[in-house]
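The structure is shown first.

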Amino acid sequence: MGEQLGVKEYRLALRENKLAGLKCKTCGFVTAPPRLACRNCGATDSEVVVLSGKGKIVTFTTVFIPPENHRGQGPYLVVVVELEEGPWIMGNIQGADPEKATLDLIGKAVYMNNDLIPNDRKPPEDIAPMFVLGG
Ligand SMILES: [Zn+2]
């Protein structure tokens, strides 16, 4: 991966099951998905890092009625995961029943596995991290 990480590069990496982020050269804070400036100190000098994709669930939402452009069917879960490296990112989750999701999910260990999404079903502009329960 180069020194530049835009949204396009971020999504292309996701298709290869890689989670990319930006590490601030000033304060070391890791930002993912990529932004123009460090979320911690506002500096714009950063380097591209590949993140572990491991973390824990901070919160989740059950979506019963998908947005019109969504290909899947409701209900499904959207999770916010705090990554080992620090950033919080949103994604989808496999292995948890949206109908039975309870607050027990919060704090559960997850890892990213975008191999679960067949690439032909997910054009790059649509792709989001797919998490699986487990350490
Ligand atoms: Zn910074």
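## Basis and overall make-up

Two strands are said to pair if DSSP finds at least two bridges between them. Helices (H or I, at least four residues) and strands (E, at least two) are DSSP runs, numbered from the N terminus. The model is predicted: local features need pLDDT of at least 70 and side-chain atom pairs count only at pLDDT 80 or more, while totals for chains, interfaces and linings use all residues. Residues are numbered from 1 along each chain as its sequence is written, and side-chain values use heavy atoms, with hydrogens and water left out.

The protein chain holds one helix and eight strands, in the sequence pattern α-β-β-β-β-β-β-β-β. Of its 135 residues, 36% count as buried; buried means under 20% relative accessible area, exposed over 50%, and partly exposed in between (1.4 Å probe, protein chains only). Contact means heavy atoms within 4.5 Å. Among contacts between residues at least 6 apart in sequence, 53% join residues at least 24 apart.

## The β5 and β6 pairing

Strands β5 and β6 are antiparallel and paired over five bridges. They form a hairpin with four residues between them, and Gly-86 in the turn has a positive phi of about 120°. Across this pairing, Val-80 stands opposite Met-90 in β6, and Val-81 has Ile-89 as its bridge partner in β6.

Strand β5 also pairs with β4, antiparallel, through eight bridges; here Ile-57 has Val-81 in β5 as its bridge partner. Seven of the eight residues of β5 are buried, so the strand is mostly covered. Strand β6 pairs in the parallel sense with β8 (residues 130-133) over three bridges, and Ile-93 has Phe-131 in β8 as its bridge partner.

## The three-stranded sheet

Three strands make an open sheet in the order β2-β1-β3, with antiparallel pairing. Its edge strands are β2 and β3, each of which pairs on one side only. Six bridges join β1 to β3, and Gly-21 stands opposite Val-49 in β3.

Thr-31 belongs to strand β2 and is buried, at a relative accessible area of 3%. Apart from neighbours within four places in sequence, Thr-31 contacts Gly-21, Leu-22, Cys-38, Arg-39 and Pro-87.

Cys-27 is partly exposed, with a relative accessible area of 36%, whereas Cys-38 is buried at 10%.

## The largest nonpolar core

A nonpolar core is a set of buried Ala, Val, Leu, Ile, Met, Phe, Trp, Tyr and Cys residues joined through side-chain atoms within 4.5 Å. The largest one has 26 residues, of which Leu-19, Leu-51, Val-79, Ile-89, Ile-93 and Phe-131 touch the most other members. At least two residues each come from α1 (7-15), β1 (19-24), β3 (46-51), β4 (54-63), β5 (76-83), β6 (88-94) and β7 (109-112). The most come from β5, with four. Domain 1 (7-51) and domain 2 (54-133) both give residues to this core, so it lies between them; the domain bounds come from an automatic or database domain assignment.

Which residues does Ile-89 contact, leaving aside its neighbours within four places in sequence? They are Tyr-10, Leu-19, Ala-32, Pro-33, Val-79, Val-80, Val-81, Leu-83, Pro-129 and Phe-131.
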